[in-house]
Amino acid sequence: MNVPLPDTICAVATPIGVAGLAVIRVSGADCIPICDTFFVGKSALTASSSHSVHYGWWKWSGVKIDAVTCTLFRNPNSYTGEDVVEIGCHGGPYVSEQIVDSLISAGARAALPGEFTKRAFINGKLDLTQVEAIADLIHAESKLGVQIAARQLASGFTKRLNAMQSHLEKSSALLELELDFSEEDIEFVNRAQLLEHLSVVNSELESLIFSSKGAELLRSGVHCTLVGYPNAGKSSLFNAILGKDRAIVSELPGTTRDYIEDTKLIGGFTFHFFDTAGIRQTTDSIELAGITLGRGIMEQSNIILVVNDSTLGFDHSSPLVTDVQSMFPDTAVWVVQNKIDNAAGSKNDVKVATGGSSESELSVLSVPSSAISPSGTDVLVSELVSMAKGRTNIVGDALVNRRQTILLKQAQQSVNSAIEALANALSAELVAVDMRQALRHISEVLGTSFNQDILDSVFSDFCIGK
């Protein structure tokens with residue numbers, strides 16, 4: 001696109017706080033001369049070559065602010081595609097703030113969230129899938145999520161989308177050419193081959209859409225909510241999983257009034273555990289509010305653990321399981337047989353969850369567990385990790401997000417419509433229209449065509465300085 005932007009922007013690109021180092025990023029047509037206003041080194045930045053590092057003092061109104069390094073990147077060979085200077089100074093909010101204030105006094109302005117990356121997108125340095133991969137690299141809550149985001153940044157996702165575009169563009173162009181020769185009854189595209197190409201595209205779209213749920217686990221972690229009747233041992237189990245006394249444990253029912261949240265890294269995955277108020281009929285307004293909050297948390301969960309007091313029978317919580325299933329039919333539900341060390345019957349009577357890649361494979365399976373013994377949660381934790389692996393092993397080179405999923409589903413609908421039109425021997429014009437629609441949706445995923453509101457939404461999730 002290479003759209004020249006008139007102003008120069010600056011921002012601290014590292015977290016604010018006391019640290020050994022801070023980096024201030026400056027980008028724009030005037031960034032080098034603006035920095036030369038304050039930088040005093042062996043040579044002026046304006047006279048220096050790209051990809052060079054310079055040491056000197058940053059001085060403002062004759063006062064030395066800090067000894068700094070200035071790394072120079074000349075356009076178009078920079079992150080944003082513009083002239084860029086990255087100023088390295090000592091960490092600490094006052095030093096970096098003084099440098100930013102000096103830059104603004106000389107004509108730069110404070111960057112908006114994600115504005116450096118937005119300029120990289122506008123100048124054709126990144127497509128929109130790569131932009132979103134950068135956000136995922138920053139926020140991913142698993143080792144595998146970081147690795148996949150890196151592959152997406154390296155154009156893995158882009159190449160798959162480009163391949164689909166190529167199939168659709170060539171075929172739709174030939175179909176449209178046929179329309180110019182409709183009176184001669186000339187066929188430029190073999191219908192059987194076209195159907196085969198569309199089936200390949202459809203399968204590829206289906207694979208990406210199917211991977212989106214696993215991608216969300218890698219991006220945001222596994223949200224796991226413990227629910228149950230009062231005194232089922234939810235808080236004890238919650239503490240046992242975390243390996244610390246995070247929730248108050250009491251024999252009195254209704255101890256947990258609000259939900260409690262904590263996070264633990266297990267098997268390379270970030271798990272967000274929520275301990276909720278016991279579910280029962282009550283007139284206590286505070287307890288009722290806690291139960292209502294718990295339902296809101298369940299709605300956002302990837303898996304709901306119904307904690308059952310197995311000393312009261314393995315089926316004691318079955319009514320609650322049925323209610324949870326009816327409220328959240330698309331969420332996996334496991335029954336955790338707590339206090340199993342003291343339960344009548346055998347652990348062998350309990351069916352252990354085996355993981356899987358779909359919600360239905362994981363629904364209403366019982367897992368033996370106990371907060372009583374130190375190793376009592378081992379089976380549960382092991383099965384949670386197996387579940388996370390099962391759902392994420394289909395994620396390849398793209399952490400498909402919600403925006404992308406919506407567009408990919410729309411593209412798939414158009415492809416299926418084209419397949420149906422071919423099967424019913426409808427006109428080439430109708431088939432071509434469906435294929436062009438699919439192309440438009442894929443282009444929106446890549447950002448080669450975009451809605452400004454969507455673009456603003458994507459970049460609003462970025463931090464300032466990125």
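The side chains of R440 and E444 meet in a salt bridge, with N and O 3.0 Å apart, a salt bridge being a side-chain nitrogen of Lys or Arg within 4 Å of a carboxyl oxygen of Asp or Glu. R440 is partly exposed, at 39% relative accessibility (buried, under 20% relative accessible area; exposed, over 50%; partly exposed, in between; 1.4 Å probe, protein chains only). Elsewhere, salt bridges with shared partners connect D7, E82, R109, E115 and R119 in one network.

The model is predicted, with local features requiring pLDDT of at least 70 and side-chain atom pairs counted only at pLDDT 80 or more, whereas totals for chains, interfaces and linings use all residues. Residues are numbered from 1 along each chain as its sequence is written, and side-chain values use heavy atoms, leaving out hydrogens and water.

Over the whole structure, the search returns 12 salt bridges. One of these joins E86 to R25, whose closest N and O atoms are 3.2 Å apart; this pair connects distant parts of the chain, with E86 in strand β6 (residues 84-89) and R25 in strand β2 (residues 22-27), 61 residues apart. R25 is buried, its relative accessible area being 10%. A further salt bridge is formed by the side chains of E132 and R403, at 2.8 Å from N to O. Here E132 belongs to helix α4 (residues 128-139) and R403 to helix α13 (residues 402-423), so that distant parts of the chain, 271 residues apart, are linked. E132 is buried at 6% relative accessibility, and R403 is buried with a relative accessible area of 15%.

Disulfides (pairs of cysteine sulfur atoms within 2.5 Å) number zero in the structure. For C31, the closest cysteine sulfur is that of C35, which at 5.7 Å is too far for a bond; for C89, it is that of C70, at 10.0 Å, likewise too far for a bond. C31 is buried at 0% relative accessibility, as is C89 at 3%.

N302, in the loop between α10 (285-299) and β11 (303-309), is buried with a relative accessible area of 17%. A polar atom of the N302 side chain lies 2.7 Å from the backbone nitrogen of H223.

Leaving aside residues up to four places away in sequence, L305 touches C224, T225, L226, V227, W334, V336, L380 and L384.

The predictor's confidence in each residue, pLDDT (from 0 to 100), averages 82 over the chain, and 80% of the residues score at least 70. Residues 252-257 remain under 50, and the model gives this stretch 19 contacts beyond four places in sequence, contact meaning heavy atoms within 4.5 Å. Residues 280-291 are also below 50 in pLDDT, with 19 contacts in the model beyond near neighbours in sequence.

Key. Helices (H or I, at least four residues) and strands (E, at least two) are DSSP runs, numbered from the N terminus. A polar contact is a pair of N or O atoms within 3.5 Å; within protein, one must be able to donate a hydrogen and the other to accept it, and residues adjacent in sequence count only if both atoms are side-chain atoms.
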